[in-house]
Each structure stands twice: as structure tokens, then as C-alpha cells.
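Me: Hi! I have a protein structure open and could use a hand reading through it. Could we go over it together?

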Amino acid sequence: MAARSTDNEISRVLSVLSEPTRIRIIRLTDDITAGSDNRALHFHHNFEDDEIILDLCGHTIDRGLAGLNSFQSDSYVLHMDGGELIIRDSAGDGAIKGGNSDYAGGVYVENGTLTLESGAITGNRAYDGGGVYIRDGERRQHQGHLGDAG
């Protein structure tokens with residue numbers, strides 16, 4: 001059963017390790033299911049060469065909005081602005097799902113690079129870019145799964 005989370009509880013679930021470089025590793029330690037009043041997880045980079053590695057560790061981030069009949073403004077799961085976000089899943093079966101937005105149900109990328117190494121971005125809905133929407137950036141995909149809306 002997925003853990004219900006609020007914005008304040010997310011810090012308990014995420015384990016953040018800062019490296020001496022501009023690399024930050026975030027490892028999920030439990031599933032995250034957003035409440036109706038939660039916003040997207042936002043990654044803002046101060047420098048172009050900032051790098052965030054999000055390791056799902058077999059867990060799911062679920063925005064919980066995919067079943068809605070209409071698209072919601074800014075109701076994606078993750079938003080990144082600048083730098084590079086690397087999504088991986090070191091344990092298998094990890095996913096980013098449940099977004100339902102006008103742009104990018106799953107991950108909205110602005111001015112940066114999204115690299116999907118492993119894990120899944122699936123079960124998201126959007127008017128434009130159901131899984132990933134790129135605005136002034138790029139997407140690289142290695143072994144991960146970018147799936148259909150669910």
C-alpha cells in the first residue's frame with residue numbers, strides 16, 4: 001500500500017546526499033502518493049552544470065490525478081528548471097505516474113536535460129506531452145520506459 005504524503009512528509013521519504021561537486025543524489029525510501037493539495041516536486045538548478053540523480057529504488061511517485069476527466073494546470077509529477085535530472089531505478093519496478101496536466105503529465109523540463117536511465121514514466125495524462133514535455137531542453141533515454149497514458 002502506498003504511503004500518503006504531504007509536502008512536509010516528503011523530506012522524511014527522500015534521502016538526499018550532497019557530493020562535493022554539484023551532484024545531488026536523491027534516493028526514495030518509500031512510495032510517495034500526493035494528496036489533493038500537494039504540488040509537483042520542483043527541481044531548480046542554480047548552475048547549468050548542476051546534476052540531480054533521482055533514484056526511485058523500486059518505489060513510485062504517484063501524483064494521483066490521472067483519473068480526472070479534465071487536464072489540470074501545473075499538475076505534472078516533476079518539474080525541472082535548468083541543469084540535468086537523471087532518473088534511475090536501482091531496484092526495479094520504480095515509476096513516476098499519476099500526473100494530469102495541460103503540459104507534461106509526468107515530467108516537465110525547462111532549460112535542461114532529462115536523462116531516463118531506468119525506471120518508468122507511465123500512466124500520466126496531458127493535453128501535450130503525456131509522459132514528458134520538453135521546453136528548451138533535451139531528453140536522453142537509455143534503458144528506462146516511457147509509457148502510454150494510463
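Reply: Happy to! Let's begin with a term: helices (H or I, at least four residues) and strands (E, at least two) are DSSP runs, numbered from the N terminus. T60, for instance, lies in strand 7, which covers residues 60-62.

Me: Where does this model come from, and how are residues numbered?

Reply: This is a predicted model, where local features need pLDDT of at least 70, side-chain atom pairs count only at pLDDT 80 or more, and totals for chains, interfaces and linings use all residues. Residues are numbered from 1 along each chain as its sequence is written, and side-chain values use heavy atoms, with hydrogens and water left out.

Me: What about contacts across the protein: what share comes from residues 24 or more positions apart?

Reply: Counting contacts with a separation of 6 or more, 80% are between residues 24 or more positions apart.

Me: What percentage of the residues is buried?

Reply: Of the 150 residues in the protein, 51% are buried. As for the surface, the protein exposes about 7700 Å², and carbon and sulfur atoms supply 43% of that. Those areas come from the Shrake-Rupley method with a 1.4 Å probe; for residues, only the protein chains shown count as cover.

Me: What actually holds paired strands together?

Reply: In general, strands of a sheet pair through backbone hydrogen bonds, either parallel or antiparallel.

Me: Can we zoom in on strand 12? What does it pair with?

Reply: Strand 8 (residues 78-81) pairs with strand 12 in the parallel sense over four bridges. Strand 12 is also joined to strand 16 (residues 132-135) by four bridges, and these two run parallel as well.

Me: Are the faces of strand 12 covered or open?

Reply: Both faces of strand 12 (residues 107-110) are covered: V107 and V109 are buried on one side, Y108 and E110 on the other.

Me: Which residue is opposite E110?

Reply: E110 stands opposite R135 in strand 16. The side chains of R135 and E110 also meet in a salt bridge, at 2.9 Å from N to O. R135 lies in strand 16 and E110 in strand 12, so this pair ties together parts that are 25 residues apart in sequence. E110 is buried at 14% relative accessibility, while R135 is partly exposed at 41%.

Me: What counts as a salt bridge, and how many are there?

Reply: A salt bridge is a side-chain nitrogen of Lys or Arg within 4 Å of a carboxyl oxygen of Asp or Glu. By this rule the count is four.

Me: Which residue does E84 form a salt bridge with?

Reply: E84 forms one with R140, and their closest N and O atoms are 3.5 Å apart. E84 is in strand 9 (residues 84-88) and R140 in strand 17 (residues 138-141), so the pair ties together parts 56 residues apart in sequence. E84 is buried, at 17%, and R140 is partly exposed, at 35%. E84, E138 and R140 are linked in a network of salt bridges.

Me: Last one: what is T113 in contact with?

Reply: Leaving aside neighbours within four places in sequence, T113 is in contact with M80, G83, E84, L85, E138 and R140. T113 lies in strand 13 (residues 113-116), and its 12% relative accessibility counts as buried.

Methods:
Buried means under 20% relative accessible area, exposed over 50%, partly exposed in between (1.4 Å probe, protein chains only). Contact means heavy atoms within 4.5 Å. Two strands pair if DSSP finds at least two bridges between them.
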